[in-house]
Amino acid sequence: MLLLGIRAAVRRGLTVVIVEEDPKWNELPFNIKDLLVLRLSAGMENDLAEVLFLGWMGIKSNARAYRDLPVFDSVRHGQRRTQDTSGNASESFTLCSFNEDYLSNTLPQLRSIIKRASLSKDAKNPKEYSVRPVTEYRSPLLVGERIYEMTRFAERCLVDWTGWRPNVFFELGVRLAVNQNSSHLCH
């Protein structure tokens, strides 16, 4: 997923996810649900050949209009469209899981750790860090657009791979490809 995120940001191309069993759609990350997930087993080779042929023909006829991942075009906007609403705090965009347990239990613990660390770092001039996942940005942009915009423009990015979610590694790959600032990893 990390390498797929990098490739999605730097090169437009044909992307097909191949699985051995029927995909469990409710378990796939939302940014992977946009892709064609193809079950491949014995006797289904023609399906793969047809998908590849049609994809290559689509790219060949109009490469600029071909989109099988939302990242490539999203990270090419010249400026940030979501407003920085962190106020006096320093913004730390957070790539993380979106499941209910993470958002209600792990994220508050992470915020508490970051707050304690930032306050103890400089007791005379404490600076608070705003730890915000994409769901806390108010914008009419699609969630995928917001993620990739923040991945590109946020000065600080905290990557929490708790739960080893595929979307987090995919988004980390995009971050590595489009932003020269370092990302802070935690687990």
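Which strand does Ser92 lie in? I looked it up: strand S3, residues 90–95. Helices here are DSSP runs of H or I with at least four residues, strands are E runs of at least two, and both are numbered from the N terminus.

Notes on the model: it is predicted, so I keep in mind that local features need pLDDT of at least 70 and side-chain atom pairs count only at pLDDT 80 or more, while totals for chains, interfaces and linings use all residues. Residues are numbered from 1 along each chain as its sequence is written, and side-chain values use heavy atoms, with hydrogens and water left out.

Back to Ser92. I find Ser92 buried at 10% relative accessible area (buried is under 20%, exposed over 50%, partly exposed in between; 1.4 Å probe, protein chains only). Leaving out residues up to four places away in sequence, Ser92 touches Tyr129, Ser130, Val131, Arg132 and Arg156 (contact: heavy atoms within 4.5 Å).

Next I checked salt bridges, meaning a side-chain nitrogen of Lys or Arg within 4 Å of a carboxyl oxygen of Asp or Glu. I get 4 in the structure. One of them pairs Arg12 with Asp73, at 3.0 Å between the closest N and O atoms. Arg12 sits in the loop between H1 and S1 and Asp73 in H4, so the pair ties together parts 61 residues apart in sequence.

Then Glu145 and Arg81, 2.9 Å from N to O. Glu145 is in helix H6 and Arg81 in the loop between H4 and S3, so this pair ties together parts 64 residues apart. Glu145 is buried at 15%, whereas Arg81 is partly exposed at 37%.

Last, H6 (residues 143–153): 8 of its 11 residues are buried, so the helix is largely enclosed by the rest of the structure.
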